[in-house]
Amino acid sequence: MNRTTIDLWVGIFVALGLAALVFLSLQVANLTGGTSGATYMLTARFDDLGGLKVKAPVKSAGVVVGRVADVRFDNQTFEAVVTLRVEKRYEFPSDTSAKILTSGVLGDQYVGLLPGGDIENLQDGDAIELTQGAIVLENLISKFLFNSTSGSDDKKEANGPEDEFEE
Amino acid sequence: MMNPVPMLRRLGASTINALWRLGFATRFLIATVRHTPAAFRRLPLTVREIYFAGVLSLTIILVSGLFVGMVLGLQGYDTLARFGSSEALGVLVALSLVRELGPVVAALLFASRAGSAITAEIGLMKATEQLDAMEMMAVDPIARVIAPRFWGGVLAMPLLGMLFTATGIIGGFLIGVVMIGVDSGQFWSQMQSAVDLRQDVLNGVFKSFVFGIAVTWIAVFEGFEAPPTAEGVSGATTRTVVTSALVILALDFVLTSFMFMR
């Protein structure tokens, strides 16, 4: 095989390999997901984070507007303090509320921002006052169980005398 | 009762022999790397080796990648559908290919397709005294024969690994979305949110690069050290494939424990 043919095939091979890399980084890993432009920081305090992690998306109306930059525990108030890095082109009223939500049943957790109606906007370093922590499944289940058992107890108590009366 | 002394002596001898081989292989690698400029100064030689190691392995890599991805699609769908989360199929296919199967299976195929060929070629050159003839003509066989083959393999391996991963994901897509009917948008968007460029994709490419160095090093060393007989060359070729496979799997465990555990 002569040299030009080999060069051609090696060229095709390298081009294919680079195309595979581009495919992996753009289509599979979504390289564009990184916050590219200027950003500003917001903090929010939550009573429970659930499984929220650093780099989790911050969404408003379902659109990714930023990422979670930092998660730490405040030993004074025993709350979790989350730092959000929001893109500068998105501005939110100062009475915006933050919620920790789950995407799908098995999905990752993210921070949802629900804009309020205030005229002034949140500035860099501001804190979001209205927050709602993650709904932890175990708490929900125990609450449900507790309520249902107490409910049936009440029912029994209420029915008790009646049953006796019938007998 | 068996006498323990000869057994211990055999154990000692085989340990010393293994250590000696390891040391020799390391010195051989250093000599090869030192001749890197020679390999790149005579670029057509290296390009030729990329052709033999890379382009000729394309068929087996692409076909295997497609089928591995298709099997992952079928098996993954079957399992995920039980939990009612078949949309996560994209994540399963992409992460298992990008992190593990892509680099490892591509390296195993590369070792058996290209590594064995390199060993057999160099071993036969040695058996037919071509290497000695080169030395007689004051041509360093490491610079002329070994370094281009080494770099050809090292450069081809990451490209092959990426191609394997990419075709595998396309295979998973074909089965999952086109044949079974998982939602296409969910398939890609869940994959994109789960796969990280640096953490997953680049670590996978780095893995292939390390495997490429290991496999090609073993292949050129076994060829260069093969006894110059027909039997010796065939034994060296077998050893290349077996040692490469074991080294790839062991290295994969070590690299994975460093990359993905925190």
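Q: How far apart do the C-alpha centres of domain 1 and domain 2 of chain A lie?
A: They lie 40 Å apart. Domain 1 covers 1–33 and domain 2 covers 36–141, with bounds that come from an automatic or database domain assignment. This is a predicted model, where local features need pLDDT of at least 70, side-chain atom pairs count only at pLDDT 80 or more, and totals for chains, interfaces and linings use all residues. Residues are numbered from 1 along each chain as its sequence is written, chains are lettered from A and ligands numbered from 1 in the order in which they are written, and side-chain values use heavy atoms, leaving out hydrogens and water.

Q: What makes Phe23(A) and Trp188(B) an edge-to-face aromatic pair?
A: Rings of Phe, Tyr and Trp (its six-membered ring) pair if their centres lie within 6.5 Å; planes under 30 degrees apart count as stacked, over 60 as edge-to-face and the rest as tilted. Here the centres are 6.3 Å apart with 90° between the planes, so the pair meets the edge-to-face rule. It crosses between chains, from helix α1 (residues 3–28) of chain A to helix α8 (residues 184–194) of chain B; such helices are DSSP runs (H or I, at least four residues), as strands are (E, at least two), numbered from the N terminus.

Q: Why is the pair of Phe40(B) and Trp151(B) called tilted?
A: The ring centres are 5.8 Å apart and the planes stand at 55°, so the pair is tilted. Phe40(B) in helix α2 (residues 36–41) and Trp151(B) in helix α7 (residues 141–180) of chain B are 111 residues apart.

Q: Why is Trp151(B) called buried, and why is Phe40(B) called partly exposed?
A: Buried means under 20% relative accessible area, exposed over 50%, and partly exposed in between (1.4 Å probe, protein chains only). Trp151(B) has 17%, so it is buried, while Phe40(B) has 35%, so it is partly exposed.

Q: How do you know that Ser208(B) is buried, and what does it touch?
A: Its relative accessible area is 2%, so Ser208(B) counts as buried. Ser208(B) touches Pro103(B), Met157(B), Pro158(B) and Gly161(B), not counting residues up to four places away in sequence; contact means heavy atoms within 4.5 Å.

Q: Why are β7 and β8 of chain A said to stand at the edges of the sheet?
A: In the open sheet of chain A the order is β7-β1-β4-β3-β2-β6-β5-β8. β7 (127–128) and β8 (130–132) each have a single partner strand, so one side of each is left without a neighbour in the sheet.

How values were computed
Pairing = 2+ DSSP bridges.
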